[in-house]
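Hi everyone, thanks for making time for this.

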Amino acid sequence: MEIPQKLLEALSNADHVAMLTGAGVSAESGIKTFRDPDGLWTQFNPSELASIDGFMSNPELVWSWYQHRIEIIRNTKPNPGHYAIAEMEKMFNRFTLITQNVDRLHQQAGSKLVYELHGNIIDNHCFQCKMPYKEEIDISEKSVPTCPECGGLIRPSVVWFGEMLPFDALCAADEAAQQCDVFFSVGTSAEVYPAANIPHLAKKSGAFLVEVNPNLTALSYYADVKLGEPSGVTFPKLLEEFKKYKKEN
Ligand code: APR
(Lines give C-alpha, C1' and ligand atoms only; values in the text may rest on other atoms or scores of the structure.)
Protein backbone atom coordinates (compact mmCIF):
# COMPACT_ATOMS: atom_id res chain seq x y z
CA MET A 1 0.00 0.00 0.00
CA GLU A 2 1.44 3.37 -1.06
CA ILE A 3 0.84 6.52 0.99
CA PRO A 4 0.38 9.29 -1.61
CA GLN A 5 3.02 12.03 -1.54
CA LYS A 6 0.35 14.75 -1.50
CA LEU A 7 -1.02 13.34 1.78
CA LEU A 8 2.44 13.33 3.40
CA GLU A 9 2.92 16.93 2.21
CA ALA A 10 -0.49 17.98 3.54
CA LEU A 11 0.31 16.40 6.92
CA SER A 12 3.76 17.99 7.14
CA ASN A 13 2.21 21.43 6.54
CA ALA A 14 -0.71 20.78 8.92
CA ASP A 15 -1.09 22.64 12.20
CA HIS A 16 -4.47 21.05 12.99
CA VAL A 17 -5.49 17.49 12.04
CA ALA A 18 -9.02 16.26 12.79
CA MET A 19 -10.51 12.79 12.51
CA LEU A 20 -13.98 11.19 12.58
CA THR A 21 -14.06 7.45 13.27
CA GLY A 22 -16.84 4.88 12.98
CA ALA A 23 -17.44 1.20 13.61
CA GLY A 24 -14.91 0.15 10.97
CA VAL A 25 -11.98 1.29 13.14
CA SER A 26 -12.97 -1.35 15.73
CA ALA A 27 -13.73 -4.11 13.19
CA GLU A 28 -10.20 -5.57 13.41
CA SER A 29 -10.67 -5.80 17.18
CA GLY A 30 -13.56 -8.20 16.53
CA ILE A 31 -16.47 -5.80 17.03
CA LYS A 32 -19.03 -6.04 14.26
CA THR A 33 -19.92 -2.90 12.31
CA PHE A 34 -23.56 -1.99 11.69
CA ARG A 35 -24.06 -1.94 7.91
CA ASP A 36 -21.46 -4.35 6.50
CA PRO A 37 -22.84 -7.66 5.08
CA ASP A 38 -22.42 -9.32 8.52
CA GLY A 39 -23.23 -6.05 10.33
CA LEU A 40 -25.45 -5.78 13.42
CA TRP A 41 -28.33 -4.06 11.59
CA THR A 42 -28.50 -6.94 9.10
CA GLN A 43 -29.31 -9.28 12.01
CA PHE A 44 -31.11 -7.03 14.51
CA ASN A 45 -33.79 -4.36 14.23
CA PRO A 46 -32.41 -0.92 15.18
CA SER A 47 -35.85 0.57 15.90
CA GLU A 48 -36.46 -2.19 18.49
CA LEU A 49 -32.99 -1.95 20.11
CA ALA A 50 -31.68 1.58 19.55
CA SER A 51 -34.66 3.94 19.90
CA ILE A 52 -36.72 5.51 22.68
CA ASP A 53 -39.87 3.72 21.46
CA GLY A 54 -38.02 0.41 21.47
CA PHE A 55 -36.82 0.99 25.05
CA MET A 56 -40.24 2.09 26.28
CA SER A 57 -41.99 -0.90 24.72
CA ASN A 58 -39.46 -3.51 25.86
CA PRO A 59 -36.74 -2.24 28.26
CA GLU A 60 -35.67 -5.79 29.21
CA LEU A 61 -34.90 -6.65 25.58
CA VAL A 62 -32.90 -3.43 25.10
CA TRP A 63 -30.97 -3.95 28.34
CA SER A 64 -30.06 -7.54 27.47
CA TRP A 65 -28.87 -6.29 24.05
CA TYR A 66 -26.53 -3.75 25.64
CA GLN A 67 -25.35 -6.24 28.26
CA HIS A 68 -24.54 -8.56 25.37
CA ARG A 69 -22.55 -5.81 23.61
CA ILE A 70 -20.79 -4.79 26.84
CA GLU A 71 -19.72 -8.41 27.34
CA ILE A 72 -18.14 -8.45 23.86
CA ILE A 73 -16.43 -5.08 24.38
CA ARG A 74 -15.10 -6.14 27.80
CA ASN A 75 -13.22 -8.99 26.07
CA THR A 76 -11.94 -6.80 23.25
CA LYS A 77 -8.62 -4.98 22.87
CA PRO A 78 -7.71 -1.95 20.74
CA ASN A 79 -6.04 -2.83 17.40
CA PRO A 80 -2.95 -1.29 15.74
CA GLY A 81 -5.20 1.33 14.12
CA HIS A 82 -6.34 2.63 17.53
CA TYR A 83 -2.75 2.74 18.82
CA ALA A 84 -1.42 4.56 15.74
CA ILE A 85 -4.23 7.13 16.01
CA ALA A 86 -3.33 7.67 19.68
CA GLU A 87 0.28 8.30 18.58
CA MET A 88 -0.85 10.77 15.90
CA GLU A 89 -2.43 12.85 18.69
CA LYS A 90 1.09 13.77 19.86
CA MET A 91 2.50 14.53 16.41
CA PHE A 92 0.48 17.66 15.58
CA ASN A 93 0.04 21.02 17.23
CA ARG A 94 -3.72 20.35 17.32
CA PHE A 95 -5.38 16.94 16.89
CA THR A 96 -9.13 16.50 17.29
CA LEU A 97 -10.51 12.95 17.54
CA ILE A 98 -14.25 12.61 17.10
CA THR A 99 -15.87 9.17 17.27
CA GLN A 100 -19.27 7.65 16.63
CA ASN A 101 -18.19 4.55 18.53
CA VAL A 102 -19.41 3.76 22.05
CA ASP A 103 -16.72 1.13 22.82
CA ARG A 104 -14.07 3.43 24.35
CA LEU A 105 -11.28 1.55 22.53
CA HIS A 106 -9.67 4.86 21.49
CA GLN A 107 -9.29 5.79 25.14
CA GLN A 108 -8.01 2.29 25.97
CA ALA A 109 -5.35 2.74 23.27
CA GLY A 110 -4.19 5.97 24.91
CA SER A 111 -6.07 8.71 23.04
CA LYS A 112 -6.36 11.53 25.58
CA LEU A 113 -9.13 13.69 24.08
CA VAL A 114 -12.01 11.84 22.39
CA TYR A 115 -15.32 13.54 21.53
CA GLU A 116 -18.04 10.86 21.73
CA LEU A 117 -20.82 11.92 19.35
CA HIS A 118 -23.00 8.90 20.15
CA GLY A 119 -22.27 8.61 23.87
CA ASN A 120 -20.71 5.46 25.32
CA ILE A 121 -21.86 2.01 26.42
CA ILE A 122 -20.20 2.08 29.87
CA ASP A 123 -22.10 5.00 31.41
CA ASN A 124 -25.80 5.02 32.21
CA HIS A 125 -28.38 7.59 33.28
CA CYS A 126 -32.00 7.78 34.45
CA PHE A 127 -34.42 8.00 31.54
CA GLN A 128 -36.68 10.25 33.62
CA CYS A 129 -34.59 12.57 35.81
CA LYS A 130 -31.32 12.20 33.78
CA MET A 131 -29.36 11.36 36.96
CA PRO A 132 -26.02 9.95 35.70
CA TYR A 133 -24.84 6.51 36.87
CA LYS A 134 -21.24 6.29 35.74
CA GLU A 135 -20.59 2.82 37.18
CA GLU A 136 -21.41 -0.23 35.09
CA ILE A 137 -24.78 -1.68 36.01
CA ASP A 138 -25.10 -5.45 36.20
CA ILE A 139 -28.66 -6.58 35.71
CA SER A 140 -28.06 -10.29 36.11
CA GLU A 141 -30.11 -10.45 39.29
CA LYS A 142 -32.91 -8.12 38.35
CA SER A 143 -34.69 -7.06 35.20
CA VAL A 144 -34.12 -3.36 34.49
CA PRO A 145 -32.46 -1.09 37.04
CA THR A 146 -34.48 1.80 38.36
CA CYS A 147 -33.31 5.18 39.61
CA PRO A 148 -33.07 5.38 43.43
CA GLU A 149 -33.82 9.12 43.12
CA CYS A 150 -37.05 9.08 41.07
CA GLY A 151 -37.86 5.44 40.37
CA GLY A 152 -37.41 6.00 36.63
CA LEU A 153 -35.83 3.38 34.34
CA ILE A 154 -32.05 3.56 33.99
CA ARG A 155 -30.76 3.37 30.41
CA PRO A 156 -27.34 3.13 28.70
CA SER A 157 -25.84 6.55 27.87
CA VAL A 158 -25.67 5.87 24.15
CA VAL A 159 -27.41 8.15 21.61
CA TRP A 160 -30.35 6.35 20.03
CA PHE A 161 -31.87 7.04 16.63
CA GLY A 162 -33.95 10.22 16.71
CA GLU A 163 -32.14 11.58 19.78
CA MET A 164 -30.06 14.75 20.02
CA LEU A 165 -26.29 14.37 20.03
CA PRO A 166 -24.29 15.69 23.03
CA PHE A 167 -24.11 19.45 22.42
CA ASP A 168 -20.46 19.92 23.49
CA ALA A 169 -19.16 17.07 21.37
CA LEU A 170 -21.10 18.24 18.31
CA CYS A 171 -19.87 21.84 18.71
CA ALA A 172 -16.27 20.67 19.10
CA ALA A 173 -16.65 18.51 15.98
CA ASP A 174 -18.11 21.34 13.90
CA GLU A 175 -15.42 23.74 15.07
CA ALA A 176 -12.63 21.29 14.30
CA ALA A 177 -14.09 20.59 10.85
CA GLN A 178 -14.09 24.30 10.05
CA GLN A 179 -10.58 24.95 11.36
CA CYS A 180 -8.52 21.83 10.54
CA ASP A 181 -6.00 21.54 7.70
CA VAL A 182 -6.38 17.78 7.20
CA PHE A 183 -9.55 15.78 7.99
CA PHE A 184 -9.66 11.96 8.16
CA SER A 185 -12.95 10.03 7.83
CA VAL A 186 -12.20 6.52 9.08
CA GLY A 187 -14.31 3.36 9.08
CA THR A 188 -17.68 5.04 8.68
CA SER A 189 -20.32 4.56 5.97
CA ALA A 190 -21.02 8.32 6.26
CA GLU A 191 -24.77 7.62 6.19
CA VAL A 192 -25.88 8.62 9.69
CA TYR A 193 -26.50 12.33 10.26
CA PRO A 194 -25.56 14.74 11.73
CA ALA A 195 -22.19 12.95 12.17
CA ALA A 196 -21.95 12.29 8.42
CA ASN A 197 -22.16 16.03 7.76
CA ILE A 198 -18.87 16.76 9.53
CA PRO A 199 -16.45 15.53 6.80
CA HIS A 200 -18.42 17.52 4.21
CA LEU A 201 -18.16 20.62 6.40
CA ALA A 202 -14.39 20.10 6.63
CA LYS A 203 -14.11 19.77 2.84
CA LYS A 204 -16.22 22.89 2.28
CA SER A 205 -14.02 24.74 4.79
CA GLY A 206 -10.90 23.93 2.72
CA ALA A 207 -9.50 20.92 4.59
CA PHE A 208 -7.60 18.18 2.76
CA LEU A 209 -10.05 15.27 3.05
CA VAL A 210 -8.82 11.69 3.51
CA GLU A 211 -11.09 8.64 3.62
CA VAL A 212 -9.83 5.38 5.16
CA ASN A 213 -12.25 2.61 4.22
CA PRO A 214 -11.95 -0.63 2.21
CA ASN A 215 -15.37 0.07 0.66
CA LEU A 216 -16.91 2.96 -1.25
CA THR A 217 -19.12 5.28 0.78
CA ALA A 218 -21.28 8.34 0.23
CA LEU A 219 -18.15 10.39 0.98
CA SER A 220 -15.60 8.67 -1.30
CA TYR A 221 -16.27 10.98 -4.24
CA TYR A 222 -15.33 14.06 -2.18
CA ALA A 223 -12.08 12.70 -0.74
CA ASP A 224 -8.74 14.16 -1.90
CA VAL A 225 -7.16 10.83 -1.01
CA LYS A 226 -8.90 7.47 -0.41
CA LEU A 227 -6.90 4.76 1.38
CA GLY A 228 -8.62 1.42 0.73
CA GLU A 229 -6.89 -0.81 3.25
CA PRO A 230 -8.33 -1.60 6.72
CA SER A 231 -7.50 1.11 9.27
CA GLY A 232 -5.49 -1.33 11.39
CA VAL A 233 -3.08 -1.67 8.42
CA THR A 234 -3.32 1.88 7.08
CA PHE A 235 -2.46 3.95 10.15
CA PRO A 236 0.70 2.10 11.26
CA LYS A 237 1.88 2.37 7.62
CA LEU A 238 0.95 6.05 7.43
CA LEU A 239 2.83 6.79 10.66
CA GLU A 240 5.93 4.97 9.43
CA GLU A 241 5.89 6.79 6.09
CA PHE A 242 5.17 10.16 7.70
CA LYS A 243 8.06 9.83 10.17
CA LYS A 244 10.38 8.92 7.26
CA TYR A 245 9.07 11.87 5.23
CA LYS A 246 9.61 14.35 8.06
CA LYS A 247 13.21 13.10 8.51
CA GLU A 248 13.97 13.49 4.80
CA ASN A 249 12.26 16.87 4.31
N1 APR B 1 -11.10 -0.37 8.44
C2 APR B 1 -11.75 0.73 7.93
N3 APR B 1 -13.07 0.73 7.57
C4 APR B 1 -13.74 -0.43 7.72
C5 APR B 1 -13.14 -1.62 8.22
C6 APR B 1 -11.76 -1.55 8.60
N7 APR B 1 -11.12 -2.60 9.10
N8 APR B 1 -14.09 -2.61 8.25
C9 APR B 1 -15.24 -2.05 7.77
N10 APR B 1 -15.03 -0.75 7.45
C11 APR B 1 -16.00 0.23 6.95
C12 APR B 1 -17.14 -0.34 6.15
O13 APR B 1 -16.81 -0.40 4.77
C14 APR B 1 -18.26 0.68 6.39
O15 APR B 1 -18.24 1.70 5.40
O16 APR B 1 -16.60 0.81 8.10
C17 APR B 1 -17.89 1.31 7.75
C18 APR B 1 -18.83 0.97 8.90
O19 APR B 1 -20.05 1.60 8.61
P20 APR B 1 -21.31 1.39 9.58
O21 APR B 1 -21.46 -0.02 9.91
O22 APR B 1 -22.44 2.11 8.93
O23 APR B 1 -20.87 2.13 10.93
P24 APR B 1 -20.87 3.70 11.26
O25 APR B 1 -20.65 4.51 10.05
O26 APR B 1 -19.94 3.88 12.40
O27 APR B 1 -22.38 3.88 11.78
C28 APR B 1 -22.76 5.17 12.22
O29 APR B 1 -24.91 4.32 12.93
O30 APR B 1 -25.90 2.48 13.80
C31 APR B 1 -25.54 3.76 14.09
O32 APR B 1 -25.00 4.76 16.16
C33 APR B 1 -24.56 3.81 15.24
O34 APR B 1 -22.50 5.08 15.44
C35 APR B 1 -23.26 4.28 14.58
C36 APR B 1 -23.76 5.04 13.37
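Let me start with one term: two strands count as paired if DSSP finds at least two bridges between them. With that in hand, look at strand β4, residues 119–126, which is joined to β6 by 4 bridges, the two running antiparallel. And please keep in mind throughout that this is a predicted model.

Where can you see that pairing on the screen? Find C126, which stands opposite I154 in β6. Now step back to the whole sheet: it is an open one of 3 strands, in the order β5-β4-β6, and the pairing is antiparallel. β5 (132–133) and β6 (154–158) stand at the edges with a single partner strand each, so one side of each has no neighbour in the sheet. As a bit of background, strands of a sheet pair through backbone hydrogen bonds, either parallel or antiparallel.

For the parallel kind, let's go to strand β1, residues 16–21. β1 is joined to strand β2 (residues 94–99) by 6 bridges, and the two run parallel.

Is β1 mostly covered or mostly open? Mostly covered: 6 of its 6 residues are buried. In a regular strand, side chains alternate between the two faces of the sheet. Here, H16, A18 and L20 point one way from β1, V17, M19 and T21 point the other way, and all are buried.

Next, the ligand. Which residues come nearest to it? There are 23 residues around the ligand, and R35, W41, T188, S189 and N215 come nearest. By class, that shell has 8 nonpolar, 12 polar and 3 charged residues.

Let's zoom in on some polar atoms. A polar side-chain atom of N215 lies 2.7 Å from an oxygen atom of the ligand. The backbone takes part in this picture too: a polar backbone atom of S231 is 3.0 Å from a nitrogen atom of the ligand, and a polar backbone atom of Q100 is 3.2 Å from an oxygen atom of the ligand. How much of the ligand does the protein cover? On its own, the ligand has 730 Å² of accessible area, and the protein covers 92% of that.

On to charges. Side chains of opposite charge can pair when their charged atoms come close. How many salt bridges does this structure hold? The count is 9.

R155 forms a salt bridge with E163, and their closest N and O atoms are 2.8 Å apart. R155 is buried, because its relative accessible area of 3% falls under the 20% cut-off.

Another stop is helix α10, residues 231–248, where K237 and E241 both lie, 4 residues apart, or about one turn of the helix. K237 and E241 form a salt bridge, with the closest N and O atoms 3.4 Å apart. E241 also forms a salt bridge with K244, where the closest N and O atoms are 3.5 Å apart. E241 and K244 are 3 residues apart in α10, so about one helical turn separates them as well.

Elsewhere, R104, E116 and D123 are linked in a network of salt bridges.

P4 lies in the segment before α1 (5–12) and is partly exposed, with a relative accessible area of 27%. P4 and E149 are 145 residues apart along the chain, and their C-alpha atoms are separated by 56 Å. H200, in helix α9 (residues 197–204), is buried at 15% relative accessible area. H200 and Q178 are 22 residues apart along the chain, with 9.9 Å between their C-alpha atoms.

Terms used. Residues are numbered from 1 along each chain as its sequence is written. This is a predicted model: local features need pLDDT of at least 70, side-chain atom pairs count only at pLDDT 80 or more; totals for chains, interfaces and linings use all residues. Side-chain values use heavy atoms; hydrogens and water are left out. Buried means under 20% relative accessible area, exposed over 50%, partly exposed in between (1.4 Å probe, protein chains only). A residue is near a molecule or strand if one of its heavy atoms lies within 4 Å of it. A polar contact is a pair of N or O atoms within 3.5 Å; within protein, one must be able to donate a hydrogen and the other to accept it, and residues adjacent in sequence count only if both atoms are side-chain atoms. Accessible areas come from the Shrake-Rupley method with a 1.4 Å probe; for residues, only the protein chains shown count as cover. Ala, Val, Leu, Ile, Met, Phe, Trp, Tyr, Cys and Pro count as nonpolar, Asp, Glu, Lys and Arg as charged, and the others, Gly among them, as polar. A salt bridge is a side-chain nitrogen of Lys or Arg within 4 Å of a carboxyl oxygen of Asp or Glu.
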